[in-house]
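This report describes one protein chain, from its overall make-up down to single residues. Look at the sequence and the structure first, then read on.

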Amino acid sequence: MFIFSRLLPVAALLFTVSAFSAEDVSTHHHAMAMPVSAEQPVWQSEGVVKKITDRQITISHHAIEALNWPAMTMAFDRSASAQTPVSVGEKVAFTFSQTESGYQLVHITPLQ
């Protein structure tokens with residue numbers, strides 16, 4: 001009986017700690033859960049077409065504040081929806097998204 005009375009407070013303490021830890025982990029898990037979106041974010045900019053290939057269009061574009069990007073020249077993958085005819089040297093407005101393989105044009109339009 002003496003051993004049982006000594007172990008009972010320890011067992012109660014361990015149960016309390018494990019119950020608190022389980023609640024803490026559960027709450028933490030829900031706080032870390034992020035909603036899954038079916039659509040990718042799309043950004044827009046304007047620039048000048050520098051190079052065109054079958055798979056990419058290279059554009060020298062303005063700074064994109066939403067991404068903390070300075071003005072730069074970069075290649076964008078062409079998508080089926082971004083097949084508007086543009087020419088090297090032409091000023092364009094464009095939108096793009098990020099994919100697993102890089103950045104892909106969503107839409108590109110010549111500027112007048």
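A residue counts as buried when its relative accessible area is under 20%, as exposed when it is over 50%, and as partly exposed in between, using a 1.4 Å probe and protein chains only. By this rule Ser79, with a relative accessible area of 11%, is buried.

The model is predicted, so local features need a pLDDT of at least 70 and side-chain atom pairs count only at pLDDT 80 or more, while totals for chains, interfaces and linings use all residues. Residues are numbered from 1 along each chain as its sequence is written, and side-chain values use heavy atoms, with hydrogens and water left out.

## The chain as a whole

Helices (H or I, at least four residues) and strands (E, at least two) are DSSP runs, numbered from the N terminus. The chain has 1 helix and 5 strands. Along the sequence their order is α-β-β-β-β-β.

Of the 112 residues, 20% count as buried. The accessible surface, computed by the Shrake-Rupley method with a 1.4 Å probe, comes to about 8,500 Å². Carbon and sulfur atoms account for 60% of that surface.

Contact means heavy atoms within 4.5 Å. Among the contacts with a separation of 6 or more, 48% are between residues 24 or more positions apart.

## Strand pairing

Two strands pair if DSSP finds at least two bridges between them. Strand S1 covers residues 42–52 and pairs with S4 in the antiparallel sense over 7 bridges. In this region Ser45 stands opposite Phe94 of S4. S1 also pairs in the antiparallel sense with strand S2, residues 56–61, over 5 bridges. Here Val49 has Ile59 of S2 as its bridge partner. S1 and S2 form a hairpin, with 3 residues between them.

## The core and the aromatic rings

In soluble globular proteins, nonpolar side chains tend to be buried together. A nonpolar core is a set of buried Ala, Val, Leu, Ile, Met, Phe, Trp, Tyr and Cys residues joined through side-chain atoms within 4.5 Å. The largest nonpolar core has 15 residues, of which Ile59, Phe94, Leu105 and Ile108 touch the most other members. At least two residues of this core come from each of S1, S2, S3, S4 and strand S5 (102–110). S4 gives the most, with 3 residues. Beyond its neighbours within four places in sequence, Ile108 is in contact with residues including Ile57, Ile59, Val92 and Phe94.

Rings of Phe, Tyr and Trp (its six-membered ring) pair if their centres lie within 6.5 Å; planes under 30 degrees apart count as stacked, over 60 as edge-to-face and the rest as tilted. The whole structure holds 7 aromatic pairs. The rings of Trp69 and Phe96 are stacked, because their centres are 5.8 Å apart and their planes are at 15°. Trp69 lies in the loop between S2 and S3 and Phe96 in strand S4, so the pair ties together parts that are 27 residues apart in sequence. Both Trp69 and Phe96 are buried. One aromatic cluster is formed by Trp43, Trp69, Phe76, Phe94, Phe96 and Tyr103.

The table gives their accessibility.

| Residue | Relative accessible area | Class |
|---|---|---|
| Lys91 | 55% | exposed |
| Ser97 | 8% | buried |
| Gln98 | 40% | partly exposed |

Ser97 is in contact with several residues, among them Gln40, Trp43, Tyr103 and Val106. Gln98 is in contact with Gln40, Pro41, Trp43 and Tyr103.

Lys91 and Ile59 are 32 residues apart in sequence and 9.2 Å apart in space. Gln98 and Phe76 are 22 residues apart along the chain, and 9.7 Å separates them.

Ser79 belongs to the loop between strand S3 (72–77) and strand S4 (91–99). Which residues does Ser79 contact, leaving aside its neighbours within four places in sequence? They are Gln104, Leu105 and Val106. A polar atom of the Ser79 side chain lies 2.8 Å from the backbone oxygen of Leu105.

Methods: Polar contact = N/O pair within 3.5 Å; in protein donor to acceptor, adjacent residues only side chain to side chain.
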